[in-house]
Amino acid sequence: MVSSAPPEKDPLATAAEAVADLPTNVFVTRWQQITGEPPAILLNSYSEMIALLVASVPMAPFPRHGREPDEAGLDPGAGRDQNEP
């Protein structure tokens, strides 16, 4: 029996294709919305430009919620019953 279902597309490849298909003026406008300035140069690959942008931006710190871990890095309340003093 032959399956007639279409093959699944790789979502990352599809996203890269969508970026590659953007007209130059649209890509430059969106780049400027993200960075606040137009790109200094345009590479042949928009995906490569985005990868460079992502690599150059430091990771944002995530705010901690709840108790601070003890010196060993363990949550002092972990494993305890909530009703236990």
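Trainee: In which helix do phenylalanine 27 and tryptophan 31 lie, and how many residues apart are they?

Mentor: Both phenylalanine 27 and tryptophan 31 belong to helix H2, where a spacing of 4 residues, about one turn of the helix, separates them; helices here are DSSP runs of H or I with at least four residues, strands are E runs of at least two, and both are numbered from the N terminus. The model is predicted, and for that reason local features need pLDDT of at least 70 and side-chain atom pairs count only at pLDDT 80 or more, while totals for chains, interfaces and linings use all residues. Residues are numbered from 1 along each chain as its sequence is written, and side-chain values use heavy atoms, with hydrogens and water left out.

A search of the whole structure gives 2 aromatic pairs (centres of Phe, Tyr or six-membered Trp rings within 6.5 Å; planes under 30 degrees apart are stacked, over 60 edge-to-face, the rest tilted). Phenylalanine 27 and tryptophan 31 make a tilted pair, with 5.8 Å from centre to centre and 40 degrees between the planes. Phenylalanine 27 is buried at a relative accessible area of 4%, and tryptophan 31 is likewise buried at 14% (buried is under 20%, exposed over 50%, partly exposed in between, with a 1.4 Å probe and protein chains only). Phenylalanine 27 also pairs with tyrosine 46, and because the ring centres are 4.0 Å apart and the planes at 5 degrees, this pair is stacked. It joins distant parts of the chain, since phenylalanine 27 is in helix H2 and tyrosine 46 is in helix H3, 19 residues apart. Tyrosine 46 is buried as well, with a relative accessibility of 10%, and the ring pairs link Phe27, Trp31 and Tyr46 into a cluster.

H2 (residues 24-35) and H3 (residues 46-56) pack at about 5 degrees with axes 12 Å apart, the axes being lines fitted to C-alpha atoms over the stretch in contact and the angles running from 0 to 180 degrees between N-to-C directions. H2 and H3 are therefore roughly parallel (under 35 degrees; over 145 is roughly antiparallel, 65 to 115 roughly perpendicular, the rest oblique). From H2, Thr24, Phe27, Trp31, Ile34 and Thr35 meet Tyr46, Met49, Ile50 and Leu53 of H3, where contact means heavy atoms within 4.5 Å.

Within H3, Tyr46, Met49 and Leu53 are buried. Viewed down the axis of H3, its buried residues fall within an arc of 60 degrees, so they line one face of the helix; the arc is that of directions from the helix axis to the C-beta atoms. Leu52, Val54 and Ala55 are exposed on the other side of H3. Leucine 43 sits in the loop between H2 and H3, is partly exposed with a relative accessible area of 26%, and, neighbours within four places in sequence left aside, touches Glu48, Met49 and Leu52.
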